[in-house]
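Hi there,

Here is the structure I promised to pass on to you. Have a look at it first, and then read my notes below with the picture open beside you.

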Amino acid sequence: MKNILAGITLALVCAFGHTAHIQAQNSQNKKVTATNSEVIQMDKAMFLKEVFNYEKSKDWKYQGNKPAIIDLYADWCGPCRQVAPIMKELAKEYAGKIVIYKVNVDKQRELASLFNATSIPLFVFIPMKGEPQLMRGAADKDTYKKAIDSFLLK
């Protein structure tokens, strides 16, 4: 994962430069709270602050204070729309234990590229320590719960 992030980081910095600057300004005042029971819309600025600042480091280091899931989706994606209510339910069930973010790949192309989101939905499971794991495609609630319990909250 380190090598993938390092290569992607260089390409992203060159290719995208200052994209999402306006969205970054809008999100700078947002703060994730430990008791947040909602799915949080994420942009690049929030990702850099709350998850991983790939502009400053090539080595993965999660910056959050709770394990997280990032749901990479698009509004036009049928499976993404099917999974959205499940993510909302999980955010409520696991409030205070994990944080669930969602990233619109059409609006946040740089973040989509970072995780090589060539197909969606794509879920990034981020434990407090260790490398993130990707889960491609839609699944049922029990599948996500098993991943949360066995990988994020082990």
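Let's begin with helix H4, where Cys80, Val83, Ile86, Met87, Leu90 and Ala91 are buried. Please keep in mind that this is a predicted model. The spacing of such positions has a simple background: an α-helix has 3.6 residues a turn, so residues three or four places apart point the same way. What do the buried residues of H4 pack against? Their partners are S2, S3, S4 and H6.

H4 itself is made of 16 residues, and from its first C-alpha to its last it reaches 24 Å, close to the expected 22 Å. If you follow the helix along, you will find a bend of about 25° at Ala84, with a proline, Pro85, following within four residues.

Now for the sheet. Five strands make up an open sheet in the order S1-S3-S2-S4-S5, and the pairing is mixed. At its edges are strand S1 (40-41) and strand S5 (133-136), each of which pairs on one side only. Helix H4 (residues 78-93) packs on this sheet and touches S2, S3 and strand S4 (122-126), with its direction at about 155° to that of S3. Helix H6 (residues 141-152) packs on the sheet too, touching S2, S4 and S5, and its direction makes about 25° with that of S4.

S2 (residues 68-73) and S3 (residues 99-104) run parallel and are joined by six bridges. Is S3 enclosed or open to the outside? Five of its six residues are buried, so S3 is largely enclosed by the rest of the structure.

Finally, look for the aromatic rings. There are five aromatic pairs in the model. In one of them, the ring centres of Phe52 and Trp60 are 4.9 Å apart and the planes meet at 45°, so this pair counts as tilted. Both residues are tucked away: Phe52 is buried with a relative accessible area of 2%, and Trp60 is buried with 8%. These two belong to one aromatic cluster, formed by Phe47, Phe52, Tyr54, Trp60 and Phe115.

Enjoy exploring, and do write back with any questions!

Best wishes

Note on methods:
Residues numbered from 1 in each chain as written. Predicted model: local features only at pLDDT ≥ 70, side-chain atom pairs only at ≥ 80, totals over all residues. Heavy atoms only, no water. Phe/Tyr/Trp six-rings, centres within 6.5 Å; stacked < 30°, edge-to-face > 60°. Buried < 20%, exposed > 50% of the residue type's maximum accessible area, 1.4 Å probe, protein only. Pairing = 2+ DSSP bridges. Helix = DSSP H or I, 4+ residues; strand = E, 2+ residues; numbered from the N terminus. Contact = heavy atoms within 4.5 Å. Axes fitted to C-alpha atoms, helices over the stretch in contact; angles between N-to-C directions. Expected span 1.5 Å × (residues − 1). Bend = angle between axes of the 7 residues up to and from the residue.
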